[in-house]
Amino acid sequence: MTIRAGIGVETRYVGWGAGMADLDNDGLPDLFMVTGGVYPEVERSLPAYPFRTPRLVFRNLGNGRFEELIEEAGPGVAAVHTSRGCAFGDFDNDGDVDVLVWNMNEPPSLLRNDVSGGGHWLKVLLVGVTSNRSAIGGRVTVRYGDRTQTQEVTAQSSFYSANDRRLHFGLGPATSASLAIRWPNGGAETIPHVDANQLVVVKEGAGILRTDKFK
């Protein structure tokens, strides 16, 4: 439950789907959460518990510090809905992470992210051979400069949600990275010096199968 202070009143939000994704490609994972009341009748008796509430975005400032973005995040985040699930993926293949939000009793919301700032990125898609083909349970560690990020391929991500299987890593100013892959069956392989700003498809035991520089 998230509490946001208003003028003379505290509004209580019930959190549902949530995730950590680098929304601005600076190399620091940000926080995103959808909210919504459980029963519409509650709001009539308890105004502090609205049924429709906005989404929440917190920008990672580093060193364990976050700042909440409200107006800066755009009208799609500030709009009030009764939401449940949120899934993350680059639906328009432009190098940043978008968010699909599942709403109660209305169409889903597709929040398109058009990030600016020039941060680099790298996407990795694993293809299993002796492991399951979707590489569920696989882990990718990306190293660049003195920074390290690790993500795993999962079958689901949050409440009512499943993310894009292409793992997305924001790299900030770095233009290349090295990959260390642990496959679901326990095998491991490394791929050094991978250029940024592209999708890399890695086949188990065969290395890079193909790359795709989005247009």
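Student: Hi! Which residues make the nonpolar surface patch of about 440 Å²?

Tutor: Val38, Tyr39, Val42, Leu46 and Tyr49 make that patch. A patch here joins residues with over 30% relative accessible area and no salt bridge, with like charges joined within 9 Å and nonpolar side chains (Val, Leu, Ile, Met, Phe, Trp, Tyr) within 5 Å. Accessible areas come from the Shrake-Rupley method with a 1.4 Å probe, and for residues only the protein chains shown count as cover. Bear in mind that this is a predicted model: local features need pLDDT of at least 70, side-chain atom pairs count only at pLDDT 80 or more, and totals for chains, interfaces and linings use all residues. Residues are numbered from 1 along each chain as its sequence is written, and side-chain values use heavy atoms, with hydrogens and water left out.

Student: Thanks. Where is Val42 placed?

Tutor: Val42 sits in helix 1, residues 40-45. Helices (H or I, at least four residues) and strands (E, at least two) are DSSP runs, numbered from the N terminus. Val42 counts as partly exposed because its relative accessibility is 30%. On this scale, buried means under 20% relative accessible area, exposed means over 50%, and partly exposed is in between (1.4 Å probe, protein chains only).

Student: Zooming out, how many helices and strands does the protein have?

Tutor: The protein has 2 helices and 17 strands. Its C-alpha atoms fill a box of roughly 60 × 35 × 30 Å along the principal axes, and 42% of the 215 residues are buried.

Student: What does strand 14 pair with?

Tutor: Strand 14 (residues 176-182) runs antiparallel to strand 11 (residues 139-144), with 5 bridges joining them. Strand 14 is also joined to strand 15 (residues 188-195) by 6 bridges, again antiparallel. Two strands pair if DSSP finds at least two bridges between them. For landmarks, Thr141 has Ala180 in strand 14 as its bridge partner, and Arg182 has Ala188 in strand 15.

Student: And which residue in that hairpin takes a positive phi?

Tutor: Gly186 does, with a phi near 100°. The hairpin of strand 14 and strand 15 has 5 residues between the strands.

Student: What about the core: which residues touch the most other members?

Tutor: In the largest nonpolar core, which has 21 residues, those are Leu126, Val140 and Leu171. Strand 10 (120-127), strand 11, strand 13 (167-172), strand 14, strand 15 and strand 16 (199-203) each supply at least two residues of this core. A nonpolar core is a set of buried Ala, Val, Leu, Ile, Met, Phe, Trp, Tyr and Cys residues joined through side-chain atoms within 4.5 Å. There is also a second, separate core of 13 residues, including Leu69, Val77, Val99 and Leu111.

Student: Which residues does Val140 touch?

Tutor: Leaving out residues up to four places away in sequence, its contacts (heavy atoms within 4.5 Å) include Val124, Leu126, Phe169 and Leu179.

Student: Is strand 16 mostly covered or mostly open?

Tutor: Mostly covered, as 4 of its 5 residues are buried. Strand 16 pairs with strand 10 in the parallel sense over 5 bridges, and Leu125 stands opposite Val201 in strand 16. With strand 17 (residues 207-212), strand 16 pairs in the antiparallel sense, over 5 bridges. Those two strands form a hairpin with 3 residues between them, and Gly205 in the turn has a positive phi of about 80°.

Student: Switching to charges, how many salt bridges are there?

Tutor: The structure holds 7, counting a side-chain nitrogen of Lys or Arg within 4 Å of a carboxyl oxygen of Asp or Glu. In one of them, Arg59 and Glu67 have their closest N and O atoms 2.5 Å apart. Asp92, Arg112 and Asp114 are linked in a network.

Student: Are Asp90 and Lys123 buried or exposed?

Tutor: Both are buried. Their side chains meet in a salt bridge, 3.4 Å from N to O. Asp90 lies in the loop between strand 7 (83-89) and strand 8 (98-103) and Lys123 in strand 10, so the pair ties together parts that are 33 residues apart in sequence.

Student: And Arg112, what is its relative accessible area?

Tutor: Arg112 has a relative accessible area of 54%, so it counts as exposed. Its closest N and O atoms with Asp114 are 3.2 Å apart.
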